[in-house]
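Please walk me through this structure, one region at a time.

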Amino acid sequence: MHAIRPSRPLLLAALVALALAGCQRGGEPAATGTPAGDAGAPPSEEAPAPAASYGVQHAGDYATVPLEADLSAFDDDGKRMIALLVRASQVMDEIYWKQSWDGDREVLLARAPDTATRDWIELNFGPWDRLNGDAPMLPGIGPRPPGGVFYPADMDKAEFEAADLADKASWYTLLRRDDAGNLVTVPYHVAYKAELERAAGYLREAAELSEDEDFANYLAMRADALLDDDFRPSDMAWMDMKGNAVDVVIGPIESYDDQLFGYKAAYEGLVLIKDQEWSARLARFARFLPELQRGLPVDAKYKAEMPGSNADLGAYEAVYYGGNANVGAKTIAINLPNDEQVQLAKGTRRLQLENVMKAKFDTIMVPIAQQLIVEEQLDNVTFDAFFQNTMFHEVAHGLGIKNTLDGKGTVSEALKDQASSFEEGKADVLGLYMVGALADKGELDASKLMDNYVTFLAGILRSVRFGAADAHARANMVRFNFFAEQGAFSRDPESGKYRVDFEKMQAAIEALSRKLLTIQGDGDHAAAKALTDELGVIGDELAADLAKLEAAGIPIDVRFEQGLDVLGLEAP
Ligand code: ZN
C-alpha cells in the first residue's frame, strides 16, 4: 500500500477549504456532484484541447444549484426583513471584490476571452481559480500574492514585523503606504465606509421589522459594529439570542484569504432560515449525551468525564451566500464566533446548512455512490442518513474524554499533530455509535440504520476522492482500512463496488470506538502515529477505484443561483 499523490494535487486546496469551513473532515458531508443546470460541459481533465479558454475547460467543476427555502411561514414584514438582509449581504459581495482584486473589476472582466471565462472570474471574485490552487485564469496574470490586497504588494514579512504600528495585526485593518512610502494602517470602517454605511442601513431597517426582540437588538448592534470595527458586543449578543427564526452572519469574519499572516478578515454575508423542527430534535438528542457516554464501548476509566448536554447546534436553510462565503468550496457548516474572548464567555454556536448539504449530496455524493456502491445497496444512500451522520458527528464531539488519564493535561496537548484527526475520527465513529444507540432506545428508526452505514461508507469514498495527502484525509483512510479489515464492508471483485455487512459494521464501530477512545485517554502519541502510519494510506485497489470518479467527471463543488428573484421576494 502507498499513500498516493492526488491525481490533481491542486484540488486538495478545495478539500482543505471545506475542512477549514468547520470540522468538515470527518465522515461529514461535503462535496459530491453531477452536473446540473448549466454544468453540462465535458468534465474538466488534464490535457484539454489546446484552444479552449480557462472557463470552457473548467465548466464542469461546479454543479449549479438554486438557493431556495420555504418562506411561507413569514408575513410581509418578515419577508421584507429577509430581503433587506439579502441586500446587506450583497453589499458584502462588493466589498469582497475590493478585498480580492486590487484594480477595477470591469476592466478585469473585459480581459476575459469569452463569457465562460468572464463568468469564472466573477465566480472567483478575481482572476485566480480558488478550487484549483489559485491558478491564474488569464494570460498575463501572475500568481496570487499570499497577502492578497490586504498588504502592499512590495511589502515583505520582515518589513511588517519591523513596523511600529499598534493595530498592524488587527483582523480589521489594511496595510498601506503613506506618501513617504512608510507602512500605515487603514481601518476597514474607513476603507469601505460608503459600502458599510449602506449595509448598516439595511440592517437597521431589518431590525425595525423583526418580531424577535433579541434579533432586532443583534442587527442594530451589528450595524454599529460594521461602522466602527468593534464586533465583540454584537458577537456576544449573537450568542445570547436563541429563539430567532432568521439569522444573518455578516461582517469581516474568516482570515483564510490572508495567506501571508492569517490576520486579515474577509467580508461575507450569510442569510439563514432556522429549521425549527430539526433544531429541536438536536437539542433533544444532546440531552442523551450523559447516558450515551455511560454506554460507550470502552473501559469505565475512559468515560469517567461527564459531557455537557447543552450543545448549541442548529439546522438552517441558507438563502444567500455573500462575499467570502461564496467563493471556492462552499461551507456546509459554520462554527462561530472566532473571537476567543467571546468563546470563553459564551462558547460557540454551530450552524448546519441543510439545503447546501442536500445540494452537495445530490450532485456529488450520489454520483460517487453510483460509481462505487453495489447496486442493491444504492437505495441505502439517502440524504436523511447523510444529514443524520453529519449532525451526530457534531454532537459526538461532546462524548469521550478531554483530559488524559495520567492527569498531565488535555488529550489535544498529548496527541499533538495527531490530535485533530483523532478527534474528527472519534466524532465520526461515535456519531455512528450514537445513531445505533438512539435506534435501540426507539428515538430513531432502527430499520434505517443500514442507510447510515452505507451512506457513511459513501462519505468516506467522497472525502478521499482527491487522495490522502493531508492529515484529515489520512484519518478517513484509517477508518476505511480498519472497517475493511474487520469485514464491515467488502469489495465485489467483479464490479469493483463496495458492499456493507450490517453485523460486522456494528462490531467494527464498537472496536474502533474502543481503540480511538483508549488512545485518546492514554494520550498515547506513539500509538496514534502508528495507527495513522499503518492504516492512513490508500491501497492500490482503492486508488484504481477512485480513478473511476475522475473519469466520470463528477463536479468538485457547487455554485449557487441566488438572490431575491430565486427566493420570490420583492426588492425592499
Ligand atoms: Zn468534527
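D235 sits in helix α10. This is a predicted model. Is D235 buried or exposed? D235 counts as buried because its relative accessibility is 11%, and the cut-off for buried is under 20%. Beyond residues up to four places away in sequence, D235 touches R222, P337, D339 and V342.

The buried residues of α10 are S234, D235, A237, W238 and M239. What lies over them? The cover of these buried residues includes α9, β6, β9 (333–336), α13 (340–346) and β10 (349–353).

One of the contacts of D235 is P337. P337 belongs to the loop between β9 and α13. The peptide bond leading from L336 to P337 is cis, and its omega is near 0°.

D229 is placed in the loop between α9 and α10. Its phi is near 65°, a positive value in a residue other than glycine. D229 is buried, because its relative accessible area is 10% and buried means under 20%.

Rolling a probe the size of a water molecule over the atoms shows where empty space is left. How many cavities of 30 Å³ or more does the structure hold? There are six. The largest cavity has a volume of about 160 Å³. Its lining is made of 15 residues. Of these, R222, D235, I253, L336 and P337 lie nearest the centre of the cavity. The largest share comes from β6, with four residues. By type, the lining of the largest cavity divides into eleven nonpolar residues, one polar and three charged.

Now turn to the nonpolar interior. In soluble globular proteins, nonpolar side chains tend to be buried together. The largest nonpolar core here has 157 residues. Which of them touch the most other members? They are L85, M434 and F483. Helix α17 (residues 419–440) gives this core its largest share, eleven residues. A second, separate core has 23 residues, and Y54, Y62, W97 and I121 are included in it.

L85 shows what such a position looks like. Not counting residues up to four places away in sequence, L85 touches L203, A206, F215, L219, V246, V248 and V271.

Next, look at a pair of residues from neighbouring loops. F125 is in the loop between α5 (115–123) and β2. R130 is in the loop between β2 (128–129) and β3 (135–136). F125 has a positive phi of about 50° although it is not a glycine. With a relative accessible area of 5%, F125 is buried. R130 is buried too, with a relative accessible area of 15%. What does R130 meet beyond its neighbours within four places in sequence? R130 is in contact with Y96, S100, N124, F125, D257, V327 and G328.

The chain can also be followed toward higher residue numbers. T532 lies in helix α21 (residues 525–535). T532 counts as buried, because its relative accessibility is 8% and the cut-off is under 20%. Leaving out residues up to four places away in sequence, T532 touches Q418, F422, R474 and V478. How far from T532 is G148? The C-alpha atoms of T532 and G148 are separated by 35 Å. Along the chain, T532 and G148 are 384 residues apart.

One last matter is confidence. The protein chain averages a pLDDT of 88. A score of at least 70 is reached by 90% of the residues. Residues 1–45 call for care: over this stretch the pLDDT is below 50. Beyond near neighbours in sequence, the stretch has 141 contacts in the model. Where pLDDT is low, the predicted coordinates should not be read in detail.

Notes
Residues numbered from 1 in each chain as written. Predicted model: local features only at pLDDT ≥ 70, side-chain atom pairs only at ≥ 80, totals over all residues. Heavy atoms only, no water. 1 Å grid on protein atoms, 1.4 Å probe; cavity = no way out; pocket = protein on both sides within 12 Å on 5 of 7 lines; lining within 4 Å. Points joined across faces, edges and corners; volume = space filled by probe spheres on them. Helix = DSSP H or I, 4+ residues; strand = E, 2+ residues; numbered from the N terminus. Nonpolar A, V, L, I, M, F, W, Y, C, P; charged D, E, K, R; others polar. Buried < 20%, exposed > 50% of the residue type's maximum accessible area, 1.4 Å probe, protein only. Contact = heavy atoms within 4.5 Å. pLDDT = per-residue confidence, 0-100. Core = buried A, V, L, I, M, F, W, Y, C linked by side-chain atoms within 4.5 Å.
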